[in-house]
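Please look over the sequence and the model shown here before reading on. The report is meant to be read beside them.

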Amino acid sequence: MLRQLEEKIAGLVEGAFSRAFRSEVRPVEIARKLAREMDRNRRVSLSRTYAPSEYVVHLSTADRRRLAAYEGGMVAELAAYLLEHARRERLELLARPVIELRTDERLSLGEFGIEALPSEIGDATGSLRPAISGGWARLSVGDRTVALPAAGVTIGRATDCDVVLDDPGVSRRHAALRPAAGGWVIEDLGSTNGVLVNGRRVGEPRALAPGDRIELGAILLTFELG
């Protein structure tokens, strides 16, 4: 069924534009390469797998000129293809896919390149783009690292939390981390056992500093930046 879905989506993309092309770059080729680039740049956190949503397609001057009349519709089709691919592969996107076409005079007719922009996905450590300028924000849990997206995360035992912790001392929705006033804060979401930062219980939202130790139930997390 997955193969049939792949062929159906590819057929939709190609069918809308195939009459405009012969041996030059075809939109279906771009769509498949975009999907491979999305897969190559996926980053795994504790409970979710993220992928970038911004891409650049580099085309030759000749191919870009031939695509000009179809560019708007093609970009929309490619974005829809990527969105469906992300859903099928259970990849988290922080925004709807955005695709930009650029002309590269170094390319010959029929050649093209795909680039995933680092607007959300960071370096090889798997960190997401921070919401502040001080560096990459993340949580360390034992030998694992959880990237913090710019929108922040919820932490708890419930499966719909961004960071799921399997511990009976952790409430279903225990705490939230979010960017605020140029930094990050942690907030207790009405948990049963509370939130401790460096051994002190958190009442109101508390600003975090690199190296802060966060205790939720029996689980210890470390906030890191940089």
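This is a predicted model: local features need pLDDT of at least 70, side-chain atom pairs count only at pLDDT 80 or more; totals for chains, interfaces and linings use all residues.

Residues are numbered from 1 along each chain as its sequence is written, and side-chain values use heavy atoms, with hydrogens and water left out.

**The chain as a whole**

The protein chain has four helices and 16 strands, where helices (H or I, at least four residues) and strands (E, at least two) are DSSP runs numbered from the N terminus. Of the 226 residues in the protein chain, 46% are buried; buried means under 20% relative accessible area, exposed means over 50%, and partly exposed lies in between, with a 1.4 Å probe and protein chains only. The accessible surface of the protein chain comes to about 11,700 Å², and carbon and sulfur atoms hold 47% of this surface, with areas taken from the Shrake-Rupley method and a 1.4 Å probe, where for residues only the protein chains shown count as cover. Among the contacts in the protein chain with a separation of 6 or more, 56% are between residues 24 or more positions apart, a contact being heavy atoms within 4.5 Å.

**Salt bridges**

A salt bridge is counted when a side-chain nitrogen of Lys or Arg is within 4 Å of a carboxyl oxygen of Asp or Glu, and by this rule there are 10 salt bridges.

| Pair | N to O distance |
|---|---|
| Asp39 and Arg42 | 2.8 Å |
| Glu89 and Arg42 | 3.9 Å |
| Arg102 and Glu100 | 3.1 Å |

In the pair of Asp39 and Arg42, Asp39 is partly exposed at 26% relative accessible area, and Arg42 is partly exposed at 29%. Glu89 is partly exposed, with a relative accessible area of 32%.

In the pair of Arg102 and Glu100, Arg102 is partly exposed at 32% relative accessibility, and Glu100 is partly exposed at 36%. Through salt bridges that share partners, Asp39, Arg42, Arg88 and Glu89 are joined into one network.
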